[in-house]
Amino acid sequence: MRVIATNKRVKVLVLGIFALLLGGVGTAGAAITTVPAWRAAQGAGVTGTFTLTDPRPCDRWDPPRQRCGWVGDFVSDDGTVVRRDTGLSGGLPPGAKVGDTLPARDTGSPTVIYPLAGAQSWKDDAMTLAISVAIFVLGLVLTRPWCWCWSWWRRLRQLKARGQEPSGASV
């Protein structure tokens, strides 16, 4: 009976650690993409033009939900910011072709330039961020690190009360 309970606790602990890792990495990645997308939606960043240089394959959806990616070159209006081979957030109107230019905004994203009109990708990024945080919190609930800390603290106090030095501890 005790072995079954221990196996269950180990499985829950492993699942919790996995959720902590997945949620932590997901939260960091989603935060990196959400902040620049939000800034673009608020009108922040450097404006300029984005020249389409290379089409990317379309996703699995049928039109009008279908999104096709583009890579191109961004040049700010004053010419001080130039970013080559950068992705364009969101889709383009049908008929876009290599060499077309459109007004765009650079908000500091490491991978994406945002179109001036309709930069709403922050909503998808924010949803990913929320899900990642929820997975991280689930990992915290499953692993219960506050219980570990409390039991370690209690054990340390008991050892000190008896005048013993905890093993591996340096004072």
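Q: What does W122 count as, going by its relative accessibility?
A: At 22% relative accessibility, W122 counts as partly exposed, a class that lies between buried (under 20% relative accessible area) and exposed (over 50%), computed with a 1.4 Å probe and protein chains only. This is a predicted model, in which local features need pLDDT of at least 70 and side-chain atom pairs count only at pLDDT 80 or more, while totals for chains, interfaces and linings use all residues. Residues are numbered from 1 along each chain as its sequence is written, and side-chain values use heavy atoms, with hydrogens and water left out.

Q: OK, and how many aromatic pairs does the structure hold?
A: The structure holds one aromatic pair, where a pair means rings of Phe, Tyr and Trp (its six-membered ring) with centres within 6.5 Å, and planes under 30 degrees apart count as stacked, over 60 as edge-to-face and the rest as tilted. The rings of W38 and W122 have their centres 4.8 Å apart and their planes at 85°, so this pair is edge-to-face. It links distant parts of the chain, since W38 sits in helix α1 (residues 2-41) and W122 in helix α2, 84 residues apart.

Q: And W38, what does that one count as?
A: W38 counts as partly exposed, because its relative accessibility is 40%.

Q: Let's step back: which helices and strands am I looking at, and in what pattern?
A: The chain has three helices and five strands, and read along the sequence they follow the pattern α-β-β-β-β-β-α-α. Helices (H or I, at least four residues) and strands (E, at least two) are DSSP runs, numbered from the N terminus.

Q: What span should α2 have, given its residues?
A: Helix α2 (residues 122-143) has 22 residues, and at 1.5 Å a residue it should span 32 Å, which agrees with the 31 Å between its end C-alpha atoms. The expected span is 1.5 Å times one less than the number of residues.

Q: Which residues of α2 are buried?
A: They are D125, S132, G139 and T143. These residues cover an arc of only 40° around the axis, which puts them on the same side of α2; the arc is that of the directions from the helix axis to the C-beta atoms.

Q: What comes after α2?
A: R144 follows α2 and is found in the loop between α2 and α3 (145-161). Its phi is near 50°, a positive value in a residue other than glycine, and at 44% relative accessibility R144 counts as partly exposed.

Q: What about D85, where is that found?
A: D85 is in strand β3 (residues 82-88), and although it is not a glycine, it has a positive phi of about 50°. At 63% relative accessibility, D85 counts as exposed.

Q: Switching to the strands, which sense do β4 and β5 pair in, parallel or antiparallel?
A: Strand β4 (residues 101-106) and strand β5 (residues 112-115) pair in the antiparallel sense over two bridges, where pairing requires that DSSP finds at least two bridges between the strands. R105 has Y114 in β5 as its bridge partner. The two strands form a hairpin with five residues between them, and G108 in the turn has a positive phi of about 100°.

Q: And β3 with β5, parallel or antiparallel?
A: Strands β3 and β5 pair in the parallel sense over two bridges, and the bridge partner of G87 in β5 is V112.

Q: Back to that β4-β5 loop: is S109 buried or exposed?
A: S109, which lies in the loop between β4 and β5, counts as buried because its relative accessibility is 3%. Leaving aside neighbours within four places in sequence, S109 is in contact (heavy atoms within 4.5 Å) with P36, R83 and Y114.

Q: Last one, which residues make up the largest nonpolar core?
A: The eight residues are F50, L52, W70, F74, L88, L102, A104 and I113, and the elements that give two or more residues to this core are β1 (46-58), β2 (68-76) and β4. A nonpolar core is a set of buried Ala, Val, Leu, Ile, Met, Phe, Trp, Tyr and Cys residues joined through side-chain atoms within 4.5 Å. Not counting residues up to four places away in sequence, F74 touches a number of residues, among them V46, F50, V81, A104 and I113.
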